[in-house]
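This note concerns the nonpolar cores and aromatic contacts of the structure shown below.

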Amino acid sequence: SFQTNMGRALWIALAVLPVVYGHPTLLTVQTELQTEERDRDPPHLQSESPNSVIYKEDDGKEFFLEISQDDTENKLPTPASDVESNQVNTAMPVVELNPSYYQARRAAKAAEHYLNYHYGSPFKLFSIRDIKSATLEELPEGRGKYNMTFAVDDAISNKTAGICTAEIVFNRTEEEKTPEVHCTCDDLLKVNTSEAENSFFHQVMQSTKLVEGEYIPDSFGFIAPEMKPWWQLGILASSFVMLKESNESTLYNMAQILSVKQQKSEENSLLVDYDVLLHDFISQEMIQWHIQASWSPTTGVKVTKCTLQPKKHSTTPATVDSR
């Protein structure tokens, strides 16, 4: 009958309903269990995204794994500890240099110019004999800092002058500045030449004749004994220019004094005009500078004027390199 058929259809619907939608009581229990399980997770491990799951590696480190809605590819796991922060390490690397490497030698040469200008005399010239260690650190704003330890000799007496540590900073800008040099030496001042310096100074100051000379050394590499202090004083004055012009692509020495002229001075110091040739070993250029400098045993050398001279096709005698 109709009532019997309706009763059978109702029973069939009731039987199929839990299969399709799940049992109402079971769904309630499952929801409560999921909520309870979520509440037990620490807040930083609960993902608010419906498309993310927590992934744990063998070592116990936990990640959020995002599942793409557009396709089935997974994104790379992100450490849970990095979800709220992504700090960048700004520390600059420090590189150990081979002491015989060209970078170390060029930086040491700048330190040598610094030592000669600040601590040298016509009877005391410093030469770096052996680089013990060197490092290079890249600094912000395009600068390179070299930290070095090296042994220094007195080039005139060939005596050991001591061990020095130096920090040399090169500015790699379009308008290059003089390298910043800080140098400390243990026995540098033990090279005592004060007697020879005072004797030479008083002899020159008491003379009525102003000293002049040219092409020192000559084409055979010869320097007259009486002109050696003037040659060595020229190296001190040139060290000011060579330091000012130094960078990581230069290696300067004074090659020759084209002319030297002593000037009258109202001060208690020698006043000298030099025209010199500076040799850059890297480019093989000979560069002419005019330098005016003063010197006394008490004040040391001071450059009062220096001017780069225009290039000339010179027919002067051949020059030799110097330390």
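1. A single aromatic cluster is formed by F123, F200, F201, W230 and W295. The model is a predicted one, and every value in this note is to be read accordingly.

2. Leaving aside residues up to four places away in sequence, W230 touches F200, V204, V211, I257, V260, Q262, L270, V272 and Y274.

3. W230 and Y274 also have the most contacts inside the largest nonpolar core, which comprises 32 residues. At least two residues of this core come from each of α4 (194–206), α5 (228–245), β10 (252–263), β11 (270–280), β12 (285–296) and β13 (300–308). The greatest contribution is that of α5, with eight residues. Another core, of 27 residues, lies apart from this one and includes I128, L136, F170 and L243.

4. Across the whole structure, a search finds seven aromatic pairs. One of them joins Y101 and Y102: the ring centres are 4.5 Å apart and the planes stand at 55°, so the pair is classed as tilted. Y101 is partly exposed, at a relative accessible area of 36%, and Y102 is likewise partly exposed, at 33%.

5. Y146 and F170 make an edge-to-face aromatic pair, with 5.7 Å from centre to centre and 85° between the planes. Because Y146 belongs to strand β6 (residues 143–154) and F170 to strand β7 (residues 159–171), this pair ties together parts that are 24 residues apart in sequence. Both Y146 and F170 are buried.

Definitions and conventions:
Residues are numbered from 1 along each chain as its sequence is written. This is a predicted model: local features need pLDDT of at least 70, side-chain atom pairs count only at pLDDT 80 or more; totals for chains, interfaces and linings use all residues. Side-chain values use heavy atoms; hydrogens and water are left out. A nonpolar core is a set of buried Ala, Val, Leu, Ile, Met, Phe, Trp, Tyr and Cys residues joined through side-chain atoms within 4.5 Å. Buried means under 20% relative accessible area, exposed over 50%, partly exposed in between (1.4 Å probe, protein chains only). Helices (H or I, at least four residues) and strands (E, at least two) are DSSP runs, numbered from the N terminus. Contact means heavy atoms within 4.5 Å. Rings of Phe, Tyr and Trp (its six-membered ring) pair if their centres lie within 6.5 Å; planes under 30 degrees apart count as stacked, over 60 as edge-to-face and the rest as tilted.
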